[in-house]
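Thanks for coming. I have one structure to go through today, and I will start with a single residue before moving to the whole chain.

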Amino acid sequence: MHDLKVLRENPESFDRNWARRGLSPQTAEILALDEKRRALQTECQTLLQKRNEISKEIGILKSKGQDATAHMDQVAQMKEMIAQLESQEQEFALELNNKLATIPNLLHASVPDGVDETGNIEVRRHGEPVLKNTALDHVAIGETLGLLDFDTASKLSGARFSILRGDLARLERALAQFMV
């Protein structure tokens with residue numbers, strides 16, 4: 001995820017970098033969402049401060065034995081407004097986070113431009129890749145190492161069962177115990 005502070009400071013570089021990947025400019029939308037979210041946060045904090053001041057006045061009025069119902073009604077209205085603002089701010093924050101999470105990371109300056117991996121440049125190669133198609137499946141490996149026994153298991157309980165032996169049995173027991 002991208003740092004909003006850095007994105008606010010230099011949005012053009014982000015748009016240029018994403019253009020290298022073939023993406024359209026995104027920073028205007030991101031910064032607009034961020035601005036709305038921050039404005040809602042500021043408004044909410046201002047209302048909280050004002051509510052706290054009125055709450056202090058309520059305490060002073062009650063200590064003097066005066067009627068404070070008007071102030072209490074005002075605090076109740078502010079509480080509802082604050083809840084609405086916080087809800088809206090959370091919606092903007094979620095939308096902003098989703099937007100930031102879907103945008104790819106910035107490319108390093110040394111990365112060549114291109115639509116996909118075919119535009120990459122091979123810098124160096126160490127040796128030749130070995131292409132063997134002799135990989136064994138887990139059944140063959142387990143039987144070869146003496147960790148799985150399918151023949152005895154089929155005699156004991158039928159097809160599709162196996163007996164685990166040695167380290168594999170200990171590993172399965174340890175994993176089961178860990179999960180419990």
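Lys79 is exposed, because its relative accessible area is 58%. On the cut-offs used here, buried means under 20% relative accessible area, exposed means over 50%, and partly exposed is in between, with a 1.4 Å probe and protein chains only. Lys79 sits in helix α4, and that helix covers residues 69-102. Helices here are DSSP runs of H or I with at least four residues, strands are runs of E with at least two, and both are numbered from the N terminus.

Before I go on, a word on the source: this is a predicted model, where local features need pLDDT of at least 70, side-chain atom pairs count only at pLDDT 80 or more, and totals for chains, interfaces and linings use all residues. Residues are numbered from 1 along each chain as its sequence is written, and side-chain values use heavy atoms, with hydrogens and water left out.

Leu48 belongs to helix α3, residues 27-63. With a relative accessible area of 26%, Leu48 counts as partly exposed. Now compare another pair: Leu48 and Asp67 are 19 residues apart along the chain, and their C-alpha atoms are separated by 23 Å.

Staying in α4, take Lys99. Is Lys99 buried or exposed? It is buried, because its relative accessible area is 19%. What does the side chain of Lys99 pair with? There is a polar contact of 3.4 Å to the side chain of Glu29. A polar contact is a pair of N or O atoms within 3.5 Å; within protein, one must be able to donate a hydrogen and the other to accept it, and residues adjacent in sequence count only if both atoms are side-chain atoms. Leaving out residues up to four places away in sequence, Lys99 touches Gln26, Glu29 and Ile30, where contact means heavy atoms within 4.5 Å.

Asn17 is the other buried case I picked, at 12% relative accessibility. Asn17 is part of helix α2, residues 11-20.

Next, the loops. Pro129 is in the loop between α4 and α5, the latter being residues 138-145. Pro129 counts as exposed, because its relative accessibility is 55%. From Pro129 to Leu171 the C-alpha distance is 33 Å, at a sequence separation of 42 residues.

Then the region around α6, which spans residues 150-157. Asp149 caps its N-terminal end, with a side-chain oxygen 3.4 Å from the backbone nitrogen of Asp151. After α6 comes Gly158, with a positive phi near 100°. Arg160 also has a positive phi, about 70°, although it is not a glycine. Most residues other than glycine have a negative phi. Arg160 lies in the loop between α6 and β2, residues 163-164, and is exposed at 85% relative accessibility.

Now the whole chain. How many helices and strands does it have? There are seven helices and two strands, and from the N terminus on the order is α-α-α-α-α-β-α-β-α.

The radius of gyration is 32 Å, whereas a compact globule of 180 residues would be near 16 Å. That radius is taken over C-alpha atoms, and the globule rule is 2.2 Å times the number of residues to the power 0.38. Along the principal axes, the C-alpha atoms fill a box of roughly 90 × 55 × 25 Å.

Of the 180 residues, 20% count as buried. For contacts between residues at least 6 apart in sequence, 54% join residues at least 24 apart.

Last, the charges. The mean positions of the 23 positive and 28 negative charges are 4 Å apart. Lys and Arg count as positive, Asp and Glu as negative, and His and the chain ends are not counted; the place of a charge is NZ of Lys, CZ of Arg, CG of Asp or CD of Glu.
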